Amino acid sequence: MNEHINLTEYEPIGEASLYKEVLKVFGSDFVSGLPCGELRGFIEASKNNADEVGHVQATNENEAAAIAQGASLAGKKPVLYMQNSGLLKITNEIGSLLIPCQTEALFVASWRGAPGEEATQHLATGAATIPVIEALGLPYIVGATLADLKKLKTNMERAKLPGVILMKKEKFNQGVEFTQRVIETEANRGDWHKEHSGLITLSREEALNIIFSNLINDKDGVFSSTGLISRSIFHHHDAPNQFYNAGAFGFTSSIALGYAINAEHRVITIEGDGSVLTNLGSLNTIGHHVADNFVHVVLDNATYASCSAEQTYGSGKIPEVALTFGYKRAFTVQSREQLLAAIAEINKNNDGPQMLHIQINSEGQRDFKRPLGMADIANRFRNYFQ
Ligand SMILES: Cc1ncc(C[n+]2csc(CCOP(=O)(O)OP(=O)(O)O)c2C)c(N)n1
Ligand SMILES: [Mg+2]
């Protein structure tokens with residue numbers, strides 16, 4: 001008898017349709033995660049369907065894993081989306097929580113740094129991804145077909161383990177749509193702030209132009225955060241006193257802190273709101289340890305603009321948290337005039353950590369040249385200040 005083979009079972013499922021298929025095959029009924037630009041379709045679908053299938057966007061991947069464990073204790077079948085860098089970051093939550101609890105959480109992870117990709121911050125993590133998944137003993141597939149999804153499900157059930165779908169980069173994340181941003185007046189905090197109304201008009205590039213012309217000079221050590229902020233600075237304002245933190249998402253201000261307590265000159269951190277929120281503890285450490293010479297610039301567009309402009313939550317509260325944790329002063333600004341006035345105040349003082357919280361829109365350039373290799377950047381920085 002001839003066997004009828006259904007070829008559609010073996011066709012690759014694109015990242016945009018994966019959500020639907022995962023729900024069907026795995027019966028998943030809860031989603032958490034942190035954005036990666038390469039999972040845009042999956043994340044969009046999770047948000048659009050949040051009334052049907054619960055969705056919580058976490059501020060970091062460790063938290064997402066713990067949320068998934070909690071959901072599983074409530075009887076849910078969780079799915080987690082994240083970049084492979086996030087998966088590596090949470091090996092402890094996987095190894096000491098999900099695996100021993102036999103929680104069959106499904107990870108949908110983008111595989112940055114897969115063979116063929118060149119960005120230096122992704123090379124080692126890309127190469128380590130499969131060995132780490134294998135060392136943890138997790139079943140996984142690379143890419144997804146219906147047949148693979150079913151096989152993965154069977155393997156997860158048999159082993160009573162989390163499982164991983166690794167998705168290689170399909171396209172570069174351009175063509176993101178933005179909504180105009182209206183100022184939320186109650187969200188503005190800080191001991192210095194003038195009301196401003198209407199749409200937020202400052203863009204990332206405008207804000208950076210003003211900062212580089214009026215705040216930063218060649219004696220400052222400058223640290224910038226992961227994604228478009230570093231890429232924009234590299235493209236338009238590259239200089240040897242600049243360190244780009246292209247990979248360790250959330251830890252830019254910690255790098256700057258480590259430098260500042262060991263340096264005499266002023267240190268300026270330029271960080272996105274998503275980056276600050278993913279590691280709020282850093283504000284506490286800075287507030288309590290640092291250094292008079294610390295200026296923390298937050299470019300707050302209330303989104304993960306470097307991914308697909310997914311909304312962040314609570315970014316307007318960042319200055320309040322910083323002040324609570326011991327920052328000397330915080331400025332929230334929304335226009336060119338306010339920004340210039342705040343910079344003049346900051347330049348006058350050098351008596352403790354200061355925050356410059358700039359509310360910007362999430363539009364702006366996306367097609368930048370990539371930063372140099374990170375070892376070159378680090379050596380150039382070190383040599384410049386020696
Ligand atoms: C551990 C880890 N998780 C996720 C990412 C993907 N990622 C790169 S940039 C970014 C968002 C940055 O948002 P924000 O700091 O607000 O800056 P913006 O893009 O808005 O300028 C994310 C989530 C990453 N690089 N590393
Ligand atoms: Mg942002």
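This briefing describes how helix H8 packs against helices H14 and H9. The model is predicted. Helix H8 spans residues 204–214 and packs with helix H14, residues 336–348. The axis of H8 also comes within 11 Å of that of helix H9, residues 228–237.

**H8 and H14**

- The axes of H8 and H14 lie 11 Å apart, and the packing angle is about 30°.
- Because angles under 35 degrees count as roughly parallel, H8 is roughly parallel to H14.
- The crossing in which H8 passes H14 is right-handed.
- On the H8 side, the contact is made by Ala207, Ile210 and Asn214.
- H14 contributes Arg336, Leu339, Leu340 and Ile343 to this contact.
- Classified by type, the residues joining H8 to H14 are five nonpolar, one polar and one charged.

**H8 and H9**

- H8 and H9 cross at roughly 55°, with axes that come within 11 Å.
- The angle makes H8 oblique to H9.
- H8 and H9 form a right-handed crossing.
- From H8, the contact with H9 involves Arg204, Glu205, Leu208 and Phe212.
- The contact of H8 with H9 comprises five nonpolar, three polar and two charged residues.

Conventions
Residues numbered from 1 in each chain as written. Chains lettered and ligands numbered in written order. Predicted model: local features only at pLDDT ≥ 70, side-chain atom pairs only at ≥ 80, totals over all residues. Axes fitted to C-alpha atoms, helices over the stretch in contact; angles between N-to-C directions. Helix = DSSP H or I, 4+ residues; strand = E, 2+ residues; numbered from the N terminus. Parallel < 35°, antiparallel > 145°, perpendicular 65-115°, else oblique. Left-handed = near helix turned anticlockwise from the far one by under 90°. Contact = placed C-beta atoms within 7 Å. Nonpolar A, V, L, I, M, F, W, Y, C, P; charged D, E, K, R; others polar.
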